[in-house]
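Here is a short note to keep beside you as you look at this structure for the first time. Please take the points in order, with the view open.

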Amino acid sequence: MDRQAPVGHLLRHWREQRRVSQLALALEAEVSSRHLSFVENGRARPSRALILRPGELLDLPLRERNRMLLSGGFSPQFAERDLSEPALTQARAAVCRLLDAHDPYPALAVDRHWNLLLSNAAARRLMQGVAAELLSPQPNVLRISLHPRGLAPAILNLGEWRRHLFNRLRRLIALTDDSGLAALYRELADYPRLPGEDEPRADADDGADIMLPFRMRSPIGELSLFSTLTVFGTPTEITLSDLAIESFFPADQDTAERLRQMAG
């Protein structure tokens, strides 16, 4: 989708992406379907409210709502700052506390492209064998997981884990229409399969891996983990709206004990 497109085209694109009819959106936004049609076709100029309300109803990423505002001739509504800036000091500190409190189990914070922003000591311990070029200048969690010089050789169920990450990435691309995620997907899909990599189950579907364990070798034995994602509930700042915390938990008692041993 052309990000410089007129605001009406952007609105229609996102409405169709979310599979919402013009009439249904007009009713929810409390405008006439005729007026909404005129906005989408460029025959009427929307007010600021008529850009923000559909953006909220369609659950658009905050950066996309800003793009629609700019396309409509309005100033952006939502700020975007680096996580290291003073304005986000308290939010960064809160995230760090969450990550550190999860030790000795791994936890990390990522942005919308799965770039690694913050991690706890347990996560860093698991990444000790990752090639230096994958950790600098900007480490990406999905690259680290699937690259032959990353964690991939140590992942015991690599085929299933690869399918799980690709399913997750496809869902995110469908939800956000993010060209950066689409490029990352294409890059990851070009990675070679490793010798001995397991084949995903033929009967597996997109919903079959909700609790798929992440199984990997460690110096002191096999680790079996499952993960959860946490996001900020009501962010009004783009960086925080994009941020997610992935926390890994032991799937069995042996893994819990081994993670404690690795922590020393």
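Before the points, a word on the labels: helices (H or I, at least four residues) and strands (E, at least two) are DSSP runs, numbered from the N terminus. Please also keep in mind that this is a predicted model.

1. **Strand E1 and its partners.** Are the faces of E1 covered or uncovered? Both are covered in this strand, which spans residues 107–110: Ala107 and Ala109 are buried on one side, and Leu108 and Val110 are buried on the other. E1 pairs with strand E5 (residues 244–250) in the antiparallel sense over four bridges, and Val110 stands opposite Ala244 of E5. With strand E2 (residues 116–119), E1 again pairs in the antiparallel sense, over three bridges; here Ala109 stands opposite Leu118.

2. **The hairpin.** Between the strands of the E1 and E2 hairpin there are five residues, and Trp114 takes a positive phi near 65° in this hairpin.

3. **The E3 end of the sheet.** Strands E3 and E4 pair in the antiparallel sense over three bridges.

4. **Helix H1.** Next, move to the helix of residues 7–17, where the buried residues are Val7, Gly8, Leu10, Leu11, His13, Trp14 and Arg15. What do these buried residues pack against? Their partners are helix H2 (22–29), helix H3 (33–40), helix H4 (48–57), helix H5 (62–71) and helix H9 (158–176).

5. **H1 against H3.** Two packed helices are described by the angle between their axes and the distance between the axes. For H1 and H3, the axes come within 7 Å and cross at roughly 115°. On the H1 side, Gly8, His9, Leu11, Arg12 and Arg15 meet Leu36, Val39 and Glu40 of H3. By class, the residues of this contact are three nonpolar, two polar and three charged.

6. Most residues other than glycine have a negative phi, and most peptide bonds are trans. Arg19 is not a glycine, yet has a positive phi of about 60°; you will find Arg19 in the loop between H1 and H2, just after H1. Arg19 is exposed, with a relative accessible area of 79%. Asp59 is not a glycine either, and has a positive phi of about 55°. Asp59 is in the loop between H4 and H5 and is exposed, with a relative accessible area of 53%.

7. **Cis peptide bonds.** Which residue does a cis peptide bond join to Asp103? The residue is Pro104, and omega is about 20°; Pro104 lies in the loop between helix H6 (89–102) and E1. Another cis peptide bond joins Ser136 and Pro137, with omega about 0°. Pro137 has its place in the loop between helix H7 (121–126) and helix H8 (141–146).

8. **The largest pocket.** Finally, please look at the largest pocket, whose volume is about 760 Å³. It is lined by 32 residues, and those closest to its centre are Arg112, Leu172, Thr176, Ser241 and Asp242. Two or more lining residues come from each of H5, H9, helix H10 (179–189), strand E4 (223–231) and helix H11 (238–242). Which element gives the most to the lining? H5 does, with five residues. Divided by class, the lining has 15 nonpolar, four polar and 13 charged residues.

Notes: Residues numbered from 1 in each chain as written. Predicted model: local features only at pLDDT ≥ 70, side-chain atom pairs only at ≥ 80, totals over all residues. Heavy atoms only, no water. Buried < 20%, exposed > 50% of the residue type's maximum accessible area, 1.4 Å probe, protein only. Pairing = 2+ DSSP bridges. Contact = heavy atoms within 4.5 Å. 1 Å grid on protein atoms, 1.4 Å probe; cavity = no way out; pocket = protein on both sides within 12 Å on 5 of 7 lines; lining within 4 Å. Points joined across faces, edges and corners; volume = space filled by probe spheres on them. Nonpolar A, V, L, I, M, F, W, Y, C, P; charged D, E, K, R; others polar. Axes fitted to C-alpha atoms, helices over the stretch in contact; angles between N-to-C directions.
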